Protein chains: 2
Amino acid sequence: MACSEFDLIARYFNRIEHLRRDVQLGIGDDCALLTVAEKQLLAVSTDTLVAGIHFLPDIAPADLGRKALAVNLSDLAAMGADPAWLSLALTLPKVDEAWLKAFSDSLFEQLDYYGMQLIGGDTTRGPLSMTLTIQGLIPAGRALTRSGARIGDWIYVTGTLGDSAAGLAIIQGHLQVTDAQARDYLIGRHLWPQPRVLQGQALRDLASSAIDISDGLIADLRHVLKASECGARIDLDELPLSQMLSRHADAEQALYWGLTGGEDYELCFTVPEINRGALEVALSHLGADYTCIGQICPLSEGIKFYRHDQVVELAWKGYDHFSPGQGGFYG
Amino acid sequence: MACSEFDLIARYFNRIEHLRRDVQLGIGDDCALLTVAEKQLLAVSTDTLVAGIHFLPDIAPADLGRKALAVNLSDLAAMGADPAWLSLALTLPKVDEAWLKAFSDSLFEQLDYYGMQLIGGDTTRGPLSMTLTIQGLIPAGRALTRSGARIGDWIYVTGTLGDSAAGLAIIQGHLQVTDAQARDYLIGRHLWPQPRVLQGQALRDLASSAIDISDGLIADLRHVLKASECGARIDLDELPLSQMLSRHADAEQALYWGLTGGEDYELCFTVPEINRGALEVALSHLGADYTCIGQICPLSEGIKFYRHDQVVELAWKGYDHFSPGQGGFYG
């Protein structure tokens with residue numbers, strides 16, 4: 001039997017055991033049909049992952065399935081939304097059943113974990129890439145945006161920064177780490193990022209702005225500053241670097257990764273002074289790590305970095321897929 | 001100045017003049033935020049278009065922008081939905097400003113025409129392809145699906161079939177048409193398909209099932225039959241072929257294209273006997289062409305083709321992106 005496109009989609013991606021009540025019609029028709037509860041806003045985000053640019057061409061399919069969803073969930077997390085539905089457009093060079101099984105098993109495991117449902121998609125032949133459109137729900141008026149930061153707000157990040165970049169460097173042979181535990185930790189941070197979904201929801205009424213750190217702290221913070229028309233002071237002494245990173249990379253390299261390394265998928269958010277106590281309680285209840293790394297200042301001050309209370313100059317930029325020399329990050 | 005990914009997206013795709021009231025937050029944050037009116041269902045569809053498979057690699061960017069949206073609108077049309085929002089994930093081999101301008105101008109012209117808004121997306125570097133996720137709204141309980149056809153229902157199609165395949169054959173040099181008007185018509189049907197949005201909405205309370213014809217009549221009708229657990233009798237004498245196609249291709253070739261040619265983006269739908277009169281009035285009011293081509297019959301009869309009331313055997317299948325020999329349709 002020829003394995004048609006339709007058979008292929010049906011076999012691996014149409015798993016009827018994964019059902020949400022708000023999905024009236026899932027995979028298998030021209031459109032999915034969905035109900036949105038009253039007073040809920042729909043949050044929608046789209047991300048493309050291309051082999052050789054967003055992931056290593058030889059990544060294990062199970063890792064790819066997990067990471068692809070995590071990358072998209074991270075956008076919902078940054079708005080404080082509850083994950084709901086996923087559309088998956090998958091472009092494959094050939095029909096490889098082992099690959100499809102491992103990829104889809106991993107994807108569905110994550111969808112289940114987050115109570116999500118795959119509602120549709122498309123499968124086509126071509127160079128390996130995928131586009132995920134993720135949808136979430138959020139009570140009206142409670143979404144976190146990039147534009148709400150105000151002068152005096154404190155700047156926080158969740159977790160630690162730069163681990164993912166270090167993990168990639170290990171995989172690519174640019175960083176040698178002999179300690180097996182550190183190696184596994186850093187590579188794991190690169191391959192299996194944890195979207196900060198619960199943290200995002202906890203921030204809903206407390207943070208004034210939020211963004212997820214996909215392109216590196218500096219690049220992503222700049223989006224917040226631009227949208228909020230503010231500047232920022234960042235205290236480099238406070239930058240949260242993991243022990244694994246600090247121990248196994250030299251200090252300048254660790255700092256560089258912490259500020260510009262992509263794919264940490266932590267959240268960067270701002271909090272008015274009045275909400276700081278409540279915020280720290282809320283995140284501590286989740287067992288979530290967070291660090292205050294600076295403060296929002298007037299636009300005219302731009303973005304300034306401090307070390308021991310002295311301004312320091314940095315010439316680094318965030319990772320940009322179209323910047324010369326960086327596009328083939330994974331090539 | 002280096003043209004960063006973010007600048008690029010902002011310049012061509014963030015056009016603030018296109019605003020819908022139900023878009024609380026459009027392009028420029030981690031997610032778009034959308035409101036869905038009470039008693040409306042959300043209809044969501046995703047389609048990927050890959051250069052060399054879904055469109056000719058040298059297609060004009062303006063044609064591509066128009067066609068990409070049309071292909072997705074056609075899925076909404078098949079459900080009877082009102083188009084609302086689009087997410088566009090665009091993968092480009094390089095930043096070509098002339099290409100981006102022509103593509104985006106054409107896309108926005110069509111978005112405007114349909115009262116839609118681009119709410120987000122992603123731009124990445126890689127082989128030319130794009131994934132569009134389109135969302136529409138439909139009053140609860142009134143969506144058309146593939147599963148509602150019942151024995152005795154009449155099978156209809158809008159417009160004419162096979163023109164797009166003939167147009168592609170002309171472009172590729174497989175069909176010689178000297179008559180300039182016919183040539184332009186057939187090529188136009190391939191390059192600029194018209195999604196049957198108004199027709200789909202008119203069918204809402206009248207048709208028992210509907211699908212859009214993207215992969216060829218037979219292939220798409222089979223989806224309806226499978227979902228509805230029915231068979232069908234198709235009267236080949238009634239198959240609507242344009243005069244341009246009938247005159248400029250031999251009869252067997254025209255029939256083949258009419259039954260299996262992809263990308264006509266007409267609708268195929270079924271109508272209970274009791275609704276036939278109302279349906280024909282509704283479509284005539286729109287000035288829309290439609291033809292009754294057969295009738296739904298029991299599943300056990302499968303799909304049968306008739307000519308002069310005699311069963312004829314056809315061995316053709318619909319176009320399938322993964323079938324051997326057909327995947328590189330545009331290669």
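Visitor: On what basis are the values given?

Guide: This is a predicted model, in which local features need pLDDT of at least 70, side-chain atom pairs count only at pLDDT 80 or more, and totals for chains, interfaces and linings use all residues. Residues are numbered from 1 along each chain as its sequence is written, chains are lettered from A and ligands numbered from 1 in the order in which they are written, and side-chain values use heavy atoms, with hydrogens and water left out.

Visitor: How many aromatic pairs does a search of the whole structure find?

Guide: A pair of aromatic rings is described by the distance of the centres and the angle of the planes. Rings of Phe, Tyr and Trp (its six-membered ring) pair if their centres lie within 6.5 Å; planes under 30 degrees apart count as stacked, over 60 as edge-to-face and the rest as tilted. The search finds ten aromatic pairs over all chains. One of them, B:W99 with B:F103, is stacked, at 4.9 Å centre to centre and 10° between the planes. B:W99 and B:F103 are separated by about one helical turn because they stand four residues apart in helix α3 (residues 97-113) of chain B. Helices (H or I, at least four residues) and strands (E, at least two) are DSSP runs, numbered from the N terminus.

Visitor: Is B:F103 buried or exposed?

Guide: Buried means under 20% relative accessible area, exposed over 50%, and partly exposed in between (1.4 Å probe, protein chains only). B:F103 is buried at 0%, and B:W99 also counts as buried, at 15%. By contrast of geometry, B:Y156 and B:Y290 form a tilted pair, 6.2 Å centre to centre with 45° between the planes. B:Y156 lies in strand β7 (residues 154-158) of chain B and B:Y290 in strand β11 (residues 290-298) of chain B, so this pair ties together parts 134 residues apart in sequence. B:Y156 is buried at 0% relative accessibility, while B:Y290 is partly exposed at 23%. In chain A, ring pairs link A:F13, A:W99 and A:F103 into a cluster.

Visitor: Which residue lies over the face of A:W154?

Guide: A charge sits over a ring if NZ of Lys or CZ of Arg is within 6 Å of the ring centre and within 35 degrees of the ring normal. A:R276 lies over the face of A:W154, 4.2 Å from the ring centre. In chain B, the charged end of B:R276 sits over the ring of B:W154, at 4.2 Å from its centre.

Visitor: At what angle do helices α2 and α3 of chain A pack?

Guide: Two packed helices are described by the angle between their axes and the distance between the axes. Axes are lines fitted to C-alpha atoms, for helices over the stretch in contact, and angles run from 0 to 180 degrees between N-to-C directions. Helix α2 (residues 61-79) and helix α3 (residues 97-113) of chain A pack at about 35°, with axes 7 Å apart. Residues making the contact include A:L64 and A:L69 of α2(A) and A:F103 and A:L107 of α3(A).

Visitor: How many residues of helix α4 of chain A are buried?

Guide: In helix α4 (residues 163-171) of chain A, eight of the nine residues are buried. Among the elements covering them are α5 (180-191), α8 (243-248) and α9 (251-260) of chain A. Just after α4(A), A:G173 takes a positive phi of about 80°.

Visitor: Where is A:E229 placed?

Guide: A:E229 is in the loop between α7 (217-228) and β9 (230-235) of chain A. Its phi is near 55°, a positive value in a residue other than glycine, and A:E229 is exposed at 61% relative accessible area.

How values were computed
Contact means heavy atoms within 4.5 Å.
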